[in-house]
Amino acid sequence: MEAENQYPFQIDLGNLTAFNPHHQFPSSLSSREDLVNECLQKGIELVQFIANELFNRPSTEDRDGPLVKLPPPTTKLPREKHLPKPKPPTKWELFAKKRGIKNRKRDKIAYDEQTGTWRRRHGYDRANDEDNIPIIEAKMTDEPGEDPFATRRANKKNRVEKQEKNRLENLKQAAKVGALPSHVQLAATTLPITGTQAAPKKITKDDLGNAAGMAATSTASGGKFDKKLAGEKPAKHQGKYRKFLPVVEGTGIGSQEKEQTEKVLNRLISRNSHEILNINKAVNMYNVKREKKQKGQRGKSSSMSSKLKPNKKLQKKSLKKGSSKK
């Protein structure tokens, strides 16, 4: 305790850590066990010091117990990753800065003039949707015979393509500086996660064939009913083919199915033979069947012997011609 008063602990409640910078291990510790015990003893003292400081702070009562609000941490811990590089400004950001344009956050809900209700500005069932307008008013600048709905769809398609082109240009500029977004870094195969550009990997002919085969067999039919391109080779089978034994019995491979079935049945019967087979009942059934078979053979033999014997029937002698009864 005197050492604690002379050299107080340094505590950082924001990180719940405490350490004694003036502690030194005595030279009398010879074994590893003594060193472990000394470390445990000092660790218990540090944890007790942190607990005392926590209970001395103001707290609020809760059903789970008192709650203490921790102060901000004072110890600066090092980062695992390097600091992200600032992204270069886009063309629009440079133009807005030059003209003094400030970004104004718009509401997520907008007023729909057609229905007279408030709807979401973007997404499904949005307000002022161009696709849901049944009638378009003609303008003086419209050319005769031109479909306004087709023109509106074409303009929308051009806007989307222009936005995508600008987005790709911004990503190229960010890639040069090494400040690509994290999701783009993970999706890119030629760029590592650190953001530094690496040499592109050369794609071989086998890689292209494997990719084409995976794409061709990704349908429900496994590419059976898909149209083949000119000069396209059939996809290579990546896995193993399943081999089935023939159903018809025969010699060689044809008898393997029967042998496998007999092996499985013999295993099941040998494991639980005392539960499956009733020996007394089986012997009685065998004796009954044998007696019935013997009786049937005796009956057949007697009927065959009776058929082989000549039939002796009494017949009246026929009268001669010209004779009459007296």
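In this predicted model, a positive surface patch is formed by four residues, namely Lys 289, Lys 292, Lys 295 and Arg 298. Of these, Arg 298 has its place in helix H9, which covers residues 279–308. With a relative accessibility of 58%, Arg 298 counts as exposed, because the cut-off for that class is a relative accessible area over 50%.

The backbone was examined next. Most residues other than glycine have a negative phi. Against this background, Leu 16 has a positive phi of about 55 degrees, although it is not a glycine. Leu 16 is found in the loop that runs between strand S1 (10–12) and strand S2 (17–19), and its relative accessible area of 44% makes Leu 16 partly exposed. A positive phi of about 55 degrees is also found for Asp 125, which is likewise not a glycine. The loop that holds Asp 125 lies between strand S6 (117–120) and helix H4 (148–177), and Asp 125, at 39% relative accessibility, counts as partly exposed.

A search of the whole structure for aromatic pairs finds 3 of them. In one of these, Phe 9 and Phe 49 are arranged edge-to-face, with 5.3 Å from centre to centre and 85 degrees between the planes. This pair links distant parts of the chain, since Phe 9 is in the loop between helix H1 (2–6) and S1, while Phe 49 is in helix H2 (residues 32–56), and the two are 40 residues apart.

As regards accessibility, Tyr 111 is partly exposed, with a relative accessible area of 40%, whereas Trp 118 counts as exposed at 59% relative accessibility.

Note on methods
Residues are numbered from 1 along each chain as its sequence is written. This is a predicted model: local features need pLDDT of at least 70, side-chain atom pairs count only at pLDDT 80 or more; totals for chains, interfaces and linings use all residues. Side-chain values use heavy atoms; hydrogens and water are left out. Patches are made of residues with over 30% relative accessible area and no salt bridge: like charges are joined within 9 Å, nonpolar side chains (Val, Leu, Ile, Met, Phe, Trp, Tyr) within 5 Å. Accessible areas come from the Shrake-Rupley method with a 1.4 Å probe; for residues, only the protein chains shown count as cover. A salt bridge is a side-chain nitrogen of Lys or Arg within 4 Å of a carboxyl oxygen of Asp or Glu. Lys and Arg count as positive and Asp and Glu as negative; His and the chain ends are not counted. The place of a charge is taken as NZ of Lys, CZ of Arg, CG of Asp or CD of Glu. Helices (H or I, at least four residues) and strands (E, at least two) are DSSP runs, numbered from the N terminus. Buried means under 20% relative accessible area, exposed over 50%, partly exposed in between (1.4 Å probe, protein chains only). Rings of Phe, Tyr and Trp (its six-membered ring) pair if their centres lie within 6.5 Å; planes under 30 degrees apart count as stacked, over 60 as edge-to-face and the rest as tilted.
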